[in-house]
Amino acid sequence: MNNEQLTLLQRIIKGKWIGKGFLALLALAVIWWVGGKALQSPPLFFQQIINGIQLGFVYALIALGYTMVYGIVRLINFAHGDVFMFGAFVSFFSVSQFQLHLWPIKALPSLPPALGIVIGTLSVILLSMVSCAILAMTIERIAYKPLRDAPRISALITAIGVSFFLEYFGALPFVFTPNFITYKRPFDIVTWYIQGGIHRLEAGAEAPPGSVIFSNVLIIIIVVSILLLVGLNYIVRQTKIGKAMRATAYDKPTSRLMGINVDGVISTTFAIGASLAGAAGVLYATAYPQVVFWMGIIPGLKAFVAAVLGGIGSIPGAFVGALIMGQAEVLSAGYISTPMRDAVAFTILILVLLIRPTGIFGEPEREKA
Amino acid sequence: MLLEVKDLNVYYGAIHALQGISFYLNEGEIVTLIGANGAGKSTTLNTISGILRPRSGQVFFEGKDITFTPAEEIVRLGVCQSPEGRKIFATLTVMENLEMGAYTQNNKEEIQKNLERVFRSFPRLKERQNQLGGTLSGGEQQMLAIGRALMSRPRLLLLDEPSMGLSPILVEEIFNIIQEINAQGTSILLVEQNAQMALSVAHRGYVLETGKIVLEGDSNDLLHNPMVAKAYLGAH
C-alpha cells in the first residue's frame, strides 16, 4: 500500500515520528489530566490508587493464565474468565455450606483465633485453586488437546464454546442458579483510615472527611497475590517443569526430542494458570462480595486486555499490564463515570492493537525454521 | 545389533518420503547416512526418534520394537537426537538447555557427572553457561546441541547435519569431538551432506537417494566408490 492510499489517521499511527508524537501527546494529556485530579484532592486520588492496586493484582492473577497458555499453545483461552468464576463459586460453597474456613478453629481450639482465620482463609483459596486446576486440565484434555494440530481458529472457536458452556451450565437452577448470590467472606472485614497515622475504623462508623481508607481485603489481596507471583516466578525460572514449560513454548518438536512429555507440560501450564485464576476468583469475591454465573466475563476480558497490553506470552508483561489496567479502570470510573471504565479498558485494547500490537514487553512473532 | 530399521515407509501426506529403508547399526559403531537434500535423511532420524510415524516397517532398539513408542520413552531407552539446524532453546540459558537434555534423568549425581563430561568435551559451553542459547555463535550452538543430547546419557546418538553452516575449521573440531564421543562408548548415527567428512569418521555408510538406499558399505569402500565420488564428493 502506498502513502496516498492511507488515511490521515493511518499515517499518524504508522508514521514513525508522527506516531511517536501522537503517543507522547496522548501520554502527556493523560498525565496532565490525572495530575490535575491528584492536585485537586490528594486523599481522593490516593484512595483511587489504592482501589486500583487492589483490582490490578486480581487482574494480574487472571492475566497470567491467559499469557502462559498463549505462550505455550498459541491459544487465547476465552474460557479462562469462567474458570475464575468457578473458583469464586467453589469458595462460596466451601465457606457458606461447608464452613471450610473454620476448620483450624474447630480442629485446633488452642490456636490463636487470628491465626486460625488466616489458615482457614488460605485453605479456602487453596481449595479453589486445586478445583480450578482440575477443571482446566479436564477442559484441556477434552476440548483443546484433540485440536492440537488443527488450525488455530478451530481451537479459538472451541474456547468460546467452552466459555459459554461453563456460563450456562453454571446458570442452571441446580448448579449456581442465574441469580446474584451474596458472598460470605471467610473472615470479618476490618477497616482502617489514614489521617496523620493509621486508625482503626469501628464498624458502622464514618471515616473522617479527607482521609484514605483501606481494609484487610486489600492486604489479603496484595499479600496472597505477591506470594503467588513469587511462587510462579520460582516455578517458571528454577524448577525442571518450569524450564520445560519455557522450552516447550519455544519449540515443541525439539522438546519432544529431548524426552520432554509435551502434553504433560501443556496440561501443567493450564493447571497453573487456572489455579491463579481460582485464587483471583476468591480474592475478587471477597473484595466485591457477590457471585453470579457470568461474573467471569468482564474481569476475564479486562485481564485479556492486560495480557495484550503487557505483551501476550510475557509473564512480567501480564503483571505490568494488569496494574496499568487496574489504575485506568479505577481512575476513569472515579473521575469520569462508572460505565466509562469498560469503555476505557477496551479503548486501551484498540490503541495497543493499532500502535504496538506486541504490547509493552512483547517481541515480534519469531520465525520458526 | 543396537539399532535395526526394517523396510521403513514414511509419508508426508501423499509424498512417499521413505520407500522401504532398511539398515542396521552395531554397538560402538559410527554409521553415516549420506545423501542430497530431500533424500530422506532427517525423516529417517525423526522416525527413529518417534516424532514421525511410519506407515509400515519397524524400528528395533536392542531388539525391542520401538516403532510406535512415545518420543520421550525412546529418549529414556537411550536414543537421543541432536536435530538439524541445532534447534537450541534460544530463550533458555546454556545451562538450562543442558538441563533440558537431561530431562529424562532423575539421578542428580549422575546428571552432575554427565554435565562435567560434557563440559570436558566442550569447555566453551562451561564459560558461557549463563548466557542465553540464542546469543551463541553457530559453532557454539552446534556444540550445545550435541552436549544437550549427550546429557540424556544416550547409548545411541543421532546427529543430524552437525557440519551445517560451519567454517571448515569448526567442522574439523566438531568431527574430532564426534570421534571422541564414540571412543568413550556411544554409538552414533550420523546424517550428513558433507559426505567426505562423514565417511572419514564413520565405520560404515549408507547412501540415500529420494527415499531409497542405493548403496551401502564400509566407509573406505564408499569413499573410493566412483559413483559416490561423482555424486557427493565432487569427482576429481
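This is a predicted model: local features need pLDDT of at least 70, side-chain atom pairs count only at pLDDT 80 or more; totals for chains, interfaces and linings use all residues.
Where does I111(B) sit? Once the neighbours within four places in sequence are set aside, I111(B) is in contact with A102(B) and Q105(B).

Staying with chain B, turn now to its sheet. Six strands form an open sheet with mixed pairing, and their order is β6-β7-β8-β3-β9-β10. At the edges you will find β6 (79-82) and β10 (212-218) of chain B, each of which pairs on one side only. On average, and with direction ignored, neighbouring strands of this sheet are turned by 15° against each other.

Strand β3 (residues 30-35) and strand β9 (residues 204-209) of chain B run in the parallel sense and are joined over 5 bridges. Here G35(B) stands opposite L208(B) of β9(B).

Next come the helices that accompany the strands. Helix α7 of chain B, residues 168-183, packs on the sheet and touches β3, β7 and β8 of chain B. The direction of α7(B) makes about 155° with that of β8(B). Helix α1 of chain B, residues 41-49, lies across β3, β6, β7 (156-160), β8 (187-192) and β9 of chain B. Relative to β7(B), helix α1(B) runs at about 145°.

Our last stop is chain A, and here the view is of domains. The domain assignment divides out domain 1 (77-295) and domain 2 (296-360) of chain A. Their C-alpha centres lie 20 Å apart. Where the two meet, 10 residues of domain 1 of chain A are in contact with 7 residues of domain 2 of chain A.

Which elements give two or more residues to the side of domain 1 of chain A that touches domain 2 of chain A? They are α4 (80-96) and α8 (216-238) of chain A. The largest share of that side, 5 residues, comes from α4(A). Sorted by class, the side of domain 1 of chain A that touches domain 2 of chain A has 7 nonpolar, 2 polar and 1 charged residues.

Technical notes: Residues are numbered from 1 along each chain as its sequence is written. Chains are lettered from A and ligands numbered from 1 in the order in which they are written. Two strands pair if DSSP finds at least two bridges between them. Helices (H or I, at least four residues) and strands (E, at least two) are DSSP runs, numbered from the N terminus. Axes are lines fitted to C-alpha atoms, for helices over the stretch in contact, and angles run from 0 to 180 degrees between N-to-C directions. Domain bounds come from an automatic or database domain assignment. Ala, Val, Leu, Ile, Met, Phe, Trp, Tyr, Cys and Pro count as nonpolar, Asp, Glu, Lys and Arg as charged, and the others, Gly among them, as polar.
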